[in-house]
Amino acid sequence: MSKTRVIEIDPITRVEGHGKVTIHLDDQNNVREARLHVVEFRGFERFIHGRPFWEIPVIVQRLCGICPVSHHLAASKAMDLIVGAKQLTPTAEKMRRLMHYGQIMQSHVLHFFHLASPDLLFGFGSERESRNVFGIIEKMPDLAVQAVMMRKFGQEIIRATAGKKIHGTGAIPGGVNKNLSLEERDFFLRDIDQMKKWARGALDIAKKYSIDNIKAVESFATFNSSHLSLVRDDGALDLYHGNLRAIDAGGNIIFDQVDYRRFNDYLMEEVRPWSYMKFPFIKARGHIDGWYRVGPLSRLNTCGFIDTPEAGKALLEFKALTHGAPNHMTLAYHWARMIEVLHCVENIEKLLNDPDLQGTDLVVRGQRAEDGIGLIEAPRGTLFHHYKVDENDLVTFCNLIVSTTNNNEAMNRAVRKVAQDHISGKPKITEGMLNHVEVAVRAYDPCLSCATHALGKMPLVIEMYDVEGSLVDRKGQHV
Amino acid sequence: MPNTVLLIGYGNPGRLDDGLGPALAFKLEALSMQGLSVEADYQLVVEHAHEIAKYDAVIFADSTVEGDAPYFFREIHPTPKEAFTSHSFSPETILFFAKTIFNARAKGYILGMRGYEFDRFGEYLSDKAKQNLDAAFEFIQDALQSGNLHAK
């Protein structure tokens, strides 16, 4: 019987929140198993149990300081059903969409420029000292300015539509609490052409990398999978609203145009003893084969087309790479993410020119219900919020499936694939090899926990254990 | 005393004492002090670098899991530290971004308030953290009013 030694990377650098990778090697240094462990938020359901339902869209933002807007909007959509708002007013829906596009834009931009681009532009086998955002600042200062200014533009959109960053209140059950003033509209229109230009530039970088390095992109952490997302009723990409569509690895429909209020009929969550994070799967395919991917890559695989002109054209180029078949390349997430940025900027421009945003009909109400489900395509993938509210307006049940949870199995497979390809059989684990594992995980842009980040709270630790389980090496830093 | 000061209080108010930074920001905001701008956010992010460039000084107010109670205050300098996550850079790194990308000249300070409970959901501060918040508030208010931003 071969012995096993365990190497832990804890937590992963340049991934949101906290995570730990354990790579189990046998005595021949072959990878026997590799797992991504996530310290996911716990206790949130208890935290909001007994709270009045109208507080929920604000409270859920406490879940995550990284994507509070996504939780804000998913909860608001669920509460729309509680107050019987079947169809929002045009002003309300468009204000929420504007907020959402601003959120996705700024989140994707940050991920690309600050997490992905150092690896893509310098190569993820290059020196760690320069393969980071500081290397970008030194060697491509214009790119660094673009990143910050695009990010700021998205944040300002959020501020104008949701209010203060830490107490976003823009979306409320049944609608919104403000419209967009003409001054605010003009403020954003002044910069929109610049944003489009920069979005095109970012897309070019991601596309060029993928095409120039197609052999590496095709093989790195690539594996077949099903994909799931919301799509519009005509099959178009829709990041804010739609019905569920799932396809298999060959592109065949598993289910389509499923009203997301019935997601429990189609999806289940599995618990595994070694992970805090659950593993969702498609019921019809069972827990072994029913796992799927979500997020930018999956959305471009499931949608039939994109209804904004430049992103629509970019999608055709993206799909041409695989001759129309689903793209399973983990590194193609970066390209897909930049197509979505352009789509968001195009949509923001379209909305800013829509007079509905200055409308004053903001809220609708209907027949009160006790069950509310809200889904949204968050930056990292499909986000599920499900609540039950009693006759006293108090929340009695809450279940959330966050985007990163949907990608749990996929991230584990990516880690395993890279570990087997790049670490197996090697006598020593180098930093470059470990970074390959991190590159694979980072492609999914996971938000690994809604952790606190107080000073001194987040050590970066790499631990290595020998065959007896004794710690033999440990490296760490504090931020 | 710098003519213009930006105070960024950051942390998650839904995670108990992690909310010390925003709590301080809200208390200071209510004073409407001349020359002082206040921001509250969940974490330090890159666009803060652009904002900092408009000020003579910036104070980063955060909770801290270690160090002496009730708080510490010290000057910091622009330093490129590899981020643990992209969404939560260190104050020194944000200052570095501000200087290198936007030619900021702002002096930087950090106000770390000792917290004790972080790992549960809850929108309140522990009793000891509340005391530390009050002490930090009194200190920074005096420092800003007197124009004397000395390390403590």
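Because the model is predicted, local features need pLDDT of at least 70 and side-chain atom pairs count only at pLDDT 80 or more, while totals for chains, interfaces and linings use all residues. Residues are numbered from 1 along each chain as its sequence is written, chains are lettered from A and ligands numbered from 1 in the order in which they are written, and side-chain values use heavy atoms, with hydrogens and water left out.

**Exercise 1: The two chains in outline**

Find how many helices and strands chain A and chain B have, and state what share of the residues of each chain is buried.

Solution. Start with the terms: helices (H or I, at least four residues) and strands (E, at least two) are DSSP runs, numbered from the N terminus, and buried means under 20% relative accessible area, exposed over 50%, and partly exposed in between, with a 1.4 Å probe and protein chains only. Chain A then comes to 16 helices and 16 strands, and 62% of its 479 residues count as buried. Chain B has 4 helices and 5 strands, which follow the pattern β-α-β-α-β-β-α-β-α along the sequence, and 64% of its 152 residues are buried.

As a further step, consider contacts, where contact means heavy atoms within 4.5 Å. Among the contacts with a separation of 6 or more, residues 24 or more positions apart account for 68% in chain A and for 76% in chain B.

**Exercise 2: A pair of crossing helices**

Describe how helix α4 and helix α16 of chain A cross, and list the residues that make the contact.

Solution. The geometry rests on axes, which are lines fitted to C-alpha atoms, for helices over the stretch in contact, with angles that run from 0 to 180 degrees between N-to-C directions. The axes of α4(A) (residues 90-122) and α16(A) (residues 431-442) come within 11 Å and cross at roughly 145 degrees. The crossing is left-handed, a word used if the near helix is turned anticlockwise from the far one by less than a right angle, with right-handed used if clockwise.

Next come the residues: α4(A) contributes H111(A), L115(A) and D119(A), and α16(A) contributes N435(A), V439(A) and R442(A). They divide into 2 nonpolar, 2 polar and 2 charged, where Ala, Val, Leu, Ile, Met, Phe, Trp, Tyr, Cys and Pro count as nonpolar, Asp, Glu, Lys and Arg as charged, and the others, Gly among them, as polar.

**Exercise 3: Surroundings of two residues in chain A**

Determine whether H334(A) and L143(A) are buried or exposed, and name the residues that each contacts beyond its neighbours within four places in sequence.

Solution. H334(A) lies in helix α13 of chain A, and it counts as buried because its relative accessibility is 5%. Beyond the neighbours within four places, H334(A) is in contact with H111(A), A116(A), L120(A), A206(A) and A443(A).

L143(A) is found in helix α6 (residues 141-162) of chain A and is likewise buried, with a relative accessible area of 11%. With the neighbours within four places left aside, L143(A) touches F113(A), L121(A), I136(A) and I205(A). The C-alpha atoms of L143(A) and F113(A) are separated by 7.8 Å, although the two residues are 30 residues apart along the chain.

**Exercise 4: Aromatic pairs**

Classify the ring pairs F318(A) with W335(A) and F73(B) with F139(B).

Solution. Rings of Phe, Tyr and Trp (its six-membered ring) pair if their centres lie within 6.5 Å, and planes under 30 degrees apart count as stacked, over 60 as edge-to-face and the rest as tilted. The structure holds 15 such pairs over all chains. The rings of F318(A) and W335(A) have centres 5.1 Å apart and planes at 80 degrees, so this pair is edge-to-face. F318(A) lies in helix α12 (residues 309-320) and W335(A) in helix α13 (residues 332-352), so the pair ties together parts 17 residues apart in sequence. Both F318(A) and W335(A) are buried.

For F73(B) and F139(B), the centres are 5.2 Å apart and the planes stand at 65 degrees, so this pair is also edge-to-face. The pair links strand β4 (residues 71-76) of chain B, which holds F73(B), with helix α4 (residues 127-146) of chain B, which holds F139(B), 66 residues apart. F73(B) is buried at 1% relative accessibility, and F139(B) is buried at 13%. Ring pairs join Y71(B), F73(B), Y109(B) and F139(B) into a cluster.
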